[in-house]
Amino acid sequence: MMRQNLKKVEHIKQDESMKMFPYVFGLNNSSGSSAKRSKPKLIYLLLFTLISSCFVFAPHLFYFPYPSALFLIDSSIKEIEDQVSQNITEPPKPSKNEERLSCDRTGYRSDICFMKGDIRTHSPSSSIFLYTSSDDHVSQEHIKPYTRKWETSIMETVGELNLVTKDVKLLGDKHSCQVIHEVPAVLFSTGGYTGNLYHEFNDGLIPLYITSKRFNKKVVFVIAEYHKWWEMKYGDILSQLSDYPLIDFTKDKRTHCFKEAIAGLRIHGELTVDPSQMQDERTTITEFKNLLDQAYRPRINILDAAEERRFKGKAAKRRNAKKPKLALFSRAGSRAITNEDQMVKLAQRIGFQVEVLRPDRTTELAKIYRVLNSSTVMVGVHGAAMTHFLFMKPGGVFIQIIPLGTDWAAETYYGEPAKKLGLDYIGYKILPRESSLYEQYDKNDPILRDPRSITQKGWQFTKGIYLTKQQVRLDLRRFKKILSDAYAKSNR
């Protein structure tokens with residue numbers, strides 16, 4: 001628009017010049033001899049030359065608004081473009097005091113590293129760079145961000161991250177930011193034992209809660225060895241921990257930039273949160289249970305409404321709802337209860353409404369949570385499925401059936417953590433005659449008489465004999481007392 005106005009001004013000036021100097025432009029059509037016109041033409045030519053010179057040098061001698069305005073607009077646009085480009089490719093420069101890379105390797109279960117400053121990801125080299133203006137030497141740390149540090153065999157399967165400080169003055173800036181984040185990052189691996197329910201909570205979700213809680217959902221999770229099914233399975237929980245999409249560190253080749261990052265996760269023990277190690281010194285496993293309730297409540301409300309429509313007006317459903325509910329986790333194969341049907345009938349005679357659960361990898365967790373959160377008693381044989389005690393309301397009764405040779409694991413992994421959640425825990429240790437091993441070995445064999453002497457030989461002996469080759473046949477007269485006590489507690 002301004003250039004068009006400039007052209008109009010020049011056109012007007014040209015018209016005025018033509019009126020002022022008709023002879024120069026040949027617009028005087030009066031007849032007369034050429035000799036009479038020669039002198040005025042010379043004068044007018046000199047005048048025209050002088051005026052033209054003024055037009056040429058005027059921008060340098062006088063203020064002429066139009067070209068100057070255009071120059072300022074062009075300069076402003078370029079300045080804005082430069083600023084936008086810089087904002088896209090350059091994160092805010094931290095002060096030297098804010099730049100740091102440090103690792104805590106004192107934990108038995110996991111290492112954890114902290115970075116602060118100009119942090120940039122580089123997935124092709126499995127690296128996280130910290131660009132620094134410090135004169136210190138370039139430093140480098142390595143970490144496998146998984147919480148079973150002491151298990152060499154499984155840690156060998158976990159990918160390693162390189163954490164590297166780079167002096168911009170010496171090495172230059174080779175990795176421009178493509179995505180800038182205003183919130184911190186937490187980097188961890190979903191490799192290792194991921195695929196086993198116990199490990200998914202114990203090694204992953206609870207440590208992630210412990211590590212990220214202080215950010216109040218204003219945090220980005222960067223995942224090494226990412227699995228889409230894992231995100232789909234635990235998306236409801238993850239949405240309570242972060243407001244941002246997950247980043248697949250391996251596949252996302254873009255350079256992500258952060259001001260702060262944590263590589264690795266804190267872990268306090270088996271399926272627990274130790275308040276003395278939390279920043280607020282108050283958070284316990286109960287708060288994690290509350291988070292699960294928030295995560296699954298919307299879906300549970302939908303399931304409740306659908307069931308209400310389906311069973312509307314059925315008196316039996318209402319009567320059963322008044323009975324205390326017992327949720328039984330059924331197993332097939334190893335550690336299965338071979339007289340499960342009789343045990344269910346016994347529980348029903350005592351007065352329980354019994355719901356048998358047979359979850360698999362595709363079972364929606366919200367549905368399992370819904371059953372357990374409305375149950376007063378949970379029963380199951382020792383195994384990863386006992387992790388579901390986390391879905392019980394505090395005050396509920398958790399009965400764990402403990403096969404031969406599994407005493408320590410049953411108490412350590414599930415019994416003690418259940419008590420910390422506020423459950424009334426009962427460990428039912430089977431007798432040798434309740435084990436299928438009773439029919440395979442002499443009654444004086446150490447496998448039956450002294451299982452501890454066998455398990456002390458190592459995990460392979462424990463797994464090979466007691467976990468994969470053992471089934472349970474409950475002594476119902478003995479187990480009846482356990483169920484009766486649980487029923488009495490349910491009606492308190």
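Trainee: Are Phe129 and Tyr131 buried or exposed, and what makes the word apply?
Mentor: Both Phe129 and Tyr131 are buried. The word means a relative accessible area under 20%, while exposed means over 50% and partly exposed covers what lies in between, using a 1.4 Å probe and protein chains only. One thing to keep in mind: this is a predicted model, where local features need pLDDT of at least 70 and side-chain atom pairs count only at pLDDT 80 or more, though totals for chains, interfaces and linings use all residues. Residues are numbered from 1 along each chain as its sequence is written, and side-chain values use heavy atoms, with hydrogens and water left out.

Trainee: How much of the protein chain counts as buried?
Mentor: Of its 492 residues, 42% do.

Trainee: How many aromatic pairs does the structure hold, and what kind do Phe129 and Tyr131 form?
Mentor: There are 19 aromatic pairs. Phe129 and Tyr131 form an edge-to-face one, with 6.4 Å from centre to centre and 70° between the planes. Rings of Phe, Tyr and Trp (its six-membered ring) pair if their centres lie within 6.5 Å; planes under 30 degrees apart are stacked, over 60 edge-to-face, and the rest tilted.

Trainee: What do you call the pair of Tyr198 and Tyr413, and why?
Mentor: That one is tilted, because the planes stand at 45°, with the ring centres 5.4 Å apart. Tyr198 belongs to helix H6 (residues 197-212) and Tyr413 to helix H12, so the pair ties together parts 215 residues apart in sequence. Helices here are DSSP runs of H or I with at least four residues, strands are runs of E with at least two, and both are numbered from the N terminus.

Trainee: Are Tyr198 and Tyr413 buried or partly exposed?
Mentor: Tyr198 has 4% relative accessibility, so Tyr198 is buried. Tyr413 has 22%, so Tyr413 counts as partly exposed.

Trainee: What makes you say that a charge sits over the ring of Phe129?
Mentor: The charged end of Lys166 is 4.5 Å from the centre of that ring. The rule asks for NZ of Lys or CZ of Arg within 6 Å of the ring centre and within 35 degrees of the ring normal. Lys457 likewise has its charged end over the ring of Phe461, 5.5 Å from the centre.

Trainee: How many disulfides are there, and how do you know that Cys103 is in one?
Mentor: The search of the whole structure finds 2. A disulfide is called when two cysteine sulfur atoms lie within 2.5 Å, and Cys103 and Cys113 have theirs at 2.0 Å. The torsion about the S-S bond of Cys103 and Cys113 is about 110°, so this disulfide is right-handed. Cys103 lies in strand E1 (residues 100-104) and Cys113 in strand E2 (residues 112-122), so the pair ties together parts that are 10 residues apart in sequence. At 24% relative accessibility Cys103 is partly exposed, whereas Cys113, at 0%, is buried.

Trainee: What do E14, helix H12 and E15 make together?
Mentor: With H12 (residues 407-420), they make a right-handed β-α-β unit. Right-handed means that, with the strands pointing away from the viewer, the path from the first strand over the helix to the second runs clockwise.

Trainee: Which residues is Glu340 in contact with, beyond its neighbours within four places in sequence?
Mentor: They are Leu328, Ser330, Arg331, Val356 and Arg358, with contact meaning heavy atoms within 4.5 Å. Glu340 sits in helix H10 (residues 340-350) and is buried at 8% relative accessibility.
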